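The exercises below concern one protein chain. Work through each task before reading its solution.

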Amino acid sequence: MASAELQGKYQKLAQEYSKLRAQNQVLKKGVVDEQANSAALKEQLKMKDQSLRKLQQEMDSLTFRNLQLAKRVELLQDELALSEPRGKKNKKSGESSSQLSQEQKTVFDEDLQKKIEENERLHIQFFEADEQHKHVEAELRSRLATLETEAAQHQAVVDGLTRKYMETIEKLQNDKAKLEVKSQTLEKEAKECRLRTEECQLQLKNLHEDLSGRLEESLSIINEKVPFNDTKYSQYNALNVPLHNRRHQLKMRDIAGQALAFVQDLVTALLNFHTYTEQRIQIFPVDSAIDTISPLNQKFSQYLHENASYVRPLEEGMLHLFESITEDTVTVLETTVKLKTFSEHLTSYLCFLRKILPYQLKSLEEECESSLCTSALRARNLELSQDMKKMTAVFEKLQTYIALLALPSTEPDGLLRTNYSSVLTNVGAALHGFHDIMKDISKHYSQKATIEHELPTATQKLITTNDCILSSVVALTNGAGKIASFFSNNLDYFIASLSYGPKAASGFISPLSAECMLQYKKKAAAYMKSLRKPLLESVPYEEALANRRILLSSTESREGLAQQVQQSLEKISKLEQEKEHWMLEAQLAKIKLEKENQRIADKLKNTSSGQLVGLARENAAMSNAAGQDEATAKAASEPIQSTSLIGTLTRTSDSECRALSKRLALAEKSKEALIEEMKLASQNISRLQDELTTTKRSYEDQLSMMSDHLCSMNETLSKQREEIDTLKMSSKGNSKKNKSR
């Protein structure tokens with residue numbers, strides 16, 4: 001660790017040294033450039049001095065020339081002065097001499113005038129050159145002074161950097177000496193580490209052999225006991241039921257309840273806003289009670305009258321969404337199917353806003369064209385028209401983002417999980433935009449209402465309607481602000497709760513897998529609920545052991561009892577069949593008796609007393625034959641070809657009923673006996689079942705112990721694998737360090 005820290009410090013110092021060195025190079029280059037500039041300026045100064053000297057020489061020559069000319073002028077003037085008296089004296093000498101002197105005078109005058117002008121021009125040039133030279137000299141001197149100060153500053157910086165470099169070099173040399181000492185100690189430690197690594201490699205080899213044997217054994221057990229690993233593939237893993245997070249579900253339900261309350265407030269405010277807007281159209285700018293309003297406002301009023309059919313479903317959709325989020329469900333975007341319904345209702349309301357927007361804008365334009373509209377009111381109407389356009393645009397954004405959030409529950413490929421957070425963030429931004437627009441609408445409408453109240457034609461009905469609209473707009477503003485702040489406060493939770501899903505997976509694959517998962521969750525909950533039922537009282541342990549010994553010693557008796565139970569069940573089934581048969585026979589006999597009695601009653605009405613005597617005789621003859629066996633009774637049950645039908649039918653029905661009643665009594669007795677045998681057999685069966693349950697439990701306990709042992713073996717195997725990986729990594733790191741050293 002100490003060597004690594006020293007190396008890090010050395011690297012930092014080296015980096016700082018390289019940076020300072022690069023800065024030194026830059027500063028040196030700047031100093032050299034400034035020196036070159038100062039040298040160039042000095043050369044320019046020399047050239048200017050030379051040019052100034054030349055100009056001074058020219059000036060001196062010109063002044064000398066001027067002096068010569070001035071002297072010559074004086075001489076000429078003197079000659080002229082001398083020639084004038086001579087002329088006076090010799091006027092009479094002739095016109096030729098006078099003309100010659102006059103021409104010479106004019107020539108001298110012209111020459112003198114040219115020299116004066118040239119002298120004046122040279123004086124001007126000399127003055128301008130002198131001023132320019134002074135100005136250039138002052139600039140060059142100031143520039144030279146600044147360059148000298150900059151050069152001194154650069155030199156000071158260079159000196160400071162050189163001192164700093166020398167200090168860093170000394171420090172680095174000291175660190176280098178320390179590092180050399182530490183490197184020697186580290187080499188000794190490296191030798192010791194090599195010895196340890198050799199020992200660790202031997203241990204690693206032994207552990208590898210041991211763990212490879214255990215791994216083969218564990219793999220064989222896993223292959224035999226684990227037929228299918230459903231967490232390997234995401235499609236199958238999405239069907240696994242995640243851990244139930246009750247806190248998460250309660251929090252989501254609480255959030256959904258708050259959202260439902262906010263949406264209900266917004267719905268109420270929107271209903272009031274559209275309804276009061278419809279009332280305002282009916283009274284301003286034209287009162288419908290006095291005059292007919294324009295066709296455009298009539299159509300606009302008709303559309304506004306339908307607002308409840310578009311606004312109310314928003315509350316219903318949010319209520320269904322809230323009811324779908326319960327404590328038993330798993331709430332993520334893939335499972336919130338009711339969000340699609342809310343999105344559809346929001347889409348229908350957006351279509352309503354788009355439908356009324358042009359009429360609203362035209363209605364405001366119609367108000368502006370009215371004679372009652374002032375310039376201030378016209379400005380407010382224009383601002384409100386812009387606000388209504390922005391409001392519709394914000395609802396379009398909200399509908400787009402909510403439709404995107406509803407896609408995972410219907411179309412799995414419609415929205416990627418990586419875009420969930422950005423869509424939620426955009427929903428929050430759209431809600432804040434909605435709040436800002438509602439604040440602008442509230443501000444502009446309050447100004448509009450104030451101006452309209454000051455109009456001389458403002459009625460009390462208009463003032464009341466404007467106040468109602470303003471209160472609904474304020475309610476809308478407050479509701480939008482609440483829902484925007486609510487969504488922003490819970491945005492982090494929404495983004496974090498998106499990962500709530502199957503274990504060791506990125507989430508639900510499709511809405512179908514999410515629906516299947518919820519069905520499996522319900523089945524698992526029902527199964528866990530069934531496990532919570534209280535267990536029946538079982539046989540005590542000692543009694544169960546005694547019964548087990550008896551059971552093991554009396555295997556043959558158990559088989560015999562099973563055979564007896566089987567035979568008793570067969571007898572019972574046969575008796576049940578016979579009972580049903582004789583019941584049907586008795587019903588048929590009753591039906592026949594009723595028919596024959598009806599026939600006899602019909603014939604008695606038509607017969608005479610002689611026929612009654614013959615019938616009585618035949619009845620007595622049939623009574624003598626009543627003591628025959630069952631076969632004759634069955635034969636007598638058939639219809640007989642005789643005139644005395646009453647006696648025959650009466651005797652036949654009595655013998656059949658008696659035989660049936662006797663057989664029924666015998667069947668009841670045998671049934672009771674068989675029921676008692678069946679009770680005994682059922683008791684034996686329950687006793688045997690209890691013994692089987694005890695043996696089954698003992699086997700299950702043994703299996704649970706074996707599974708626990710297998711889990712502990714897997715844990716030890718994973719720990720040993722981790723130890724092997726750590727040893728491998730440490731050996732690789734030591735080998736790399738040794739190679740680098």
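**Exercise 1.** How many helices and how many strands does the secondary structure of the protein chain come to?

*Solution.* The model is predicted: local features need pLDDT of at least 70, side-chain atom pairs count only at pLDDT 80 or more, and totals for chains, interfaces and linings use all residues. Residues are numbered from 1 along each chain as its sequence is written, and side-chain values use heavy atoms, with hydrogens and water left out. Helices (H or I, at least four residues) and strands (E, at least two) are DSSP runs, numbered from the N terminus. On that basis the protein chain has 17 helices and zero strands.

**Exercise 2.** Are helix 7 and helix 8 roughly parallel or roughly antiparallel to each other?

*Solution.* Axes are lines fitted to C-alpha atoms, for helices over the stretch in contact, and angles run from 0 to 180 degrees between N-to-C directions. The axes of helix 7 (residues 338-369) and helix 8 (residues 375-406) come within 9 Å and cross at roughly 165°. Angles under 35 degrees count as roughly parallel, over 145 as roughly antiparallel, 65 to 115 as roughly perpendicular and the rest as oblique. Helix 7 and helix 8 are therefore roughly antiparallel.

**Exercise 3.** Which residues touch the most other members of the largest nonpolar core?

*Solution.* A nonpolar core is a set of buried Ala, Val, Leu, Ile, Met, Phe, Trp, Tyr and Cys residues joined through side-chain atoms within 4.5 Å. The largest has 67 residues, of which Y349, M391 and F395 touch the most other members. Helix 4 supplies the largest share of this core, 14 residues. Leaving out residues up to four places away in sequence, F395 touches L346, Y349, L350, L353 and F434.

**Exercise 4.** Is Q360 buried or exposed?

*Solution.* Q360 lies in helix 7. Its relative accessibility is 12%, so Q360 counts as buried. Beyond neighbours within four places in sequence, Q360 contacts F300 and M388.

Key
Buried < 20%, exposed > 50% of the residue type's maximum accessible area, 1.4 Å probe, protein only. Contact = heavy atoms within 4.5 Å.
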